[in-house]
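Here are a few friendly notes to read alongside the model. Take them one at a time, with the structure open beside you.

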Amino acid sequence: MSFIRTIARPMLASSFVVAGVDKLKNADDTAEHLSPLLRKAAASLPFKADERALARVIGGTQVGAGVLFGLGKFSRFSAGLLTVISLLNTFVEWRSADISTKVGRQDRRNQLLKNVSLSGGALLAAVDTAGKPGLAWRAEHLASDAKKNASHLAADARATTNKGLRKADKAVRRAVDQATGA
């Protein structure tokens, strides 16, 4: 891991970890804040789940993914989780912000920009391959190499077959010539 990644990952992760701990400590407030979304999520689950438990799951996921990301473990996966959670928080905070005053509208805009920036950073981290080729690149090049190898093998097979056919043709002609006495 490069020096920059060693520093940048914990810096980015810290905001998510602290927010996740706050969600866990204040699960009732989190559930109330996320209530419209959590109600829909709870209704779509195949089992009975209350909003408070889902709020704790979100907070715990945020803490866990933030810690893993900060440590550089499963960093792409954990950054993907953090992106999803950040976008969820962005949406909820945008909808629930107080916009009755000019200061409230300004705070809402600032919070939106902060959350979008964090989401963007986490999204970049989710696609960061740390200088190593990703699965899509590997698959594309594996297919390209296989195609090249197959065309070389086909050309070799054609050449060998043609050579064999020429030898057989010569042998047949010789046999015909000998049989006819020419």
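Is R52 buried, partly exposed or exposed?

1. R52 is partly exposed, because its relative accessible area is 33% (buried means under 20%, exposed over 50%, partly exposed in between, with a 1.4 Å probe and protein chains only). A word on the source: this is a predicted model, where local features need pLDDT of at least 70, side-chain atom pairs count only at pLDDT 80 or more, and totals for chains, interfaces and linings use all residues. Residues are numbered from 1 along each chain as its sequence is written, and side-chain values use heavy atoms, leaving out hydrogens and water.

2. R52 and D28 meet through their side chains in a salt bridge, 2.4 Å from N to O (a side-chain nitrogen of Lys or Arg within 4 Å of a carboxyl oxygen of Asp or Glu). R52 sits in helix 4 and D28 in helix 2, so the pair ties together parts 24 residues apart in sequence (helices are DSSP runs of H or I, at least four residues, numbered from the N terminus).

3. The count of salt bridges comes to 4. Another one pairs D128 with R9, with the closest N and O atoms 3.8 Å apart. This pair links distant parts of the chain, 119 residues apart: D128 is in the loop between helix 6 and helix 7, and R9 is in helix 1. R9 is buried at 9% relative accessible area, whereas D128 is partly exposed at 23%.

4. Now look along helix 7, where D169 and R173 lie 4 residues apart, about one turn of the helix. They form a salt bridge with closest N and O atoms 3.0 Å apart. R173 is exposed, at 53%.

Methods:
Helices (H or I, at least four residues) and strands (E, at least two) are DSSP runs, numbered from the N terminus.
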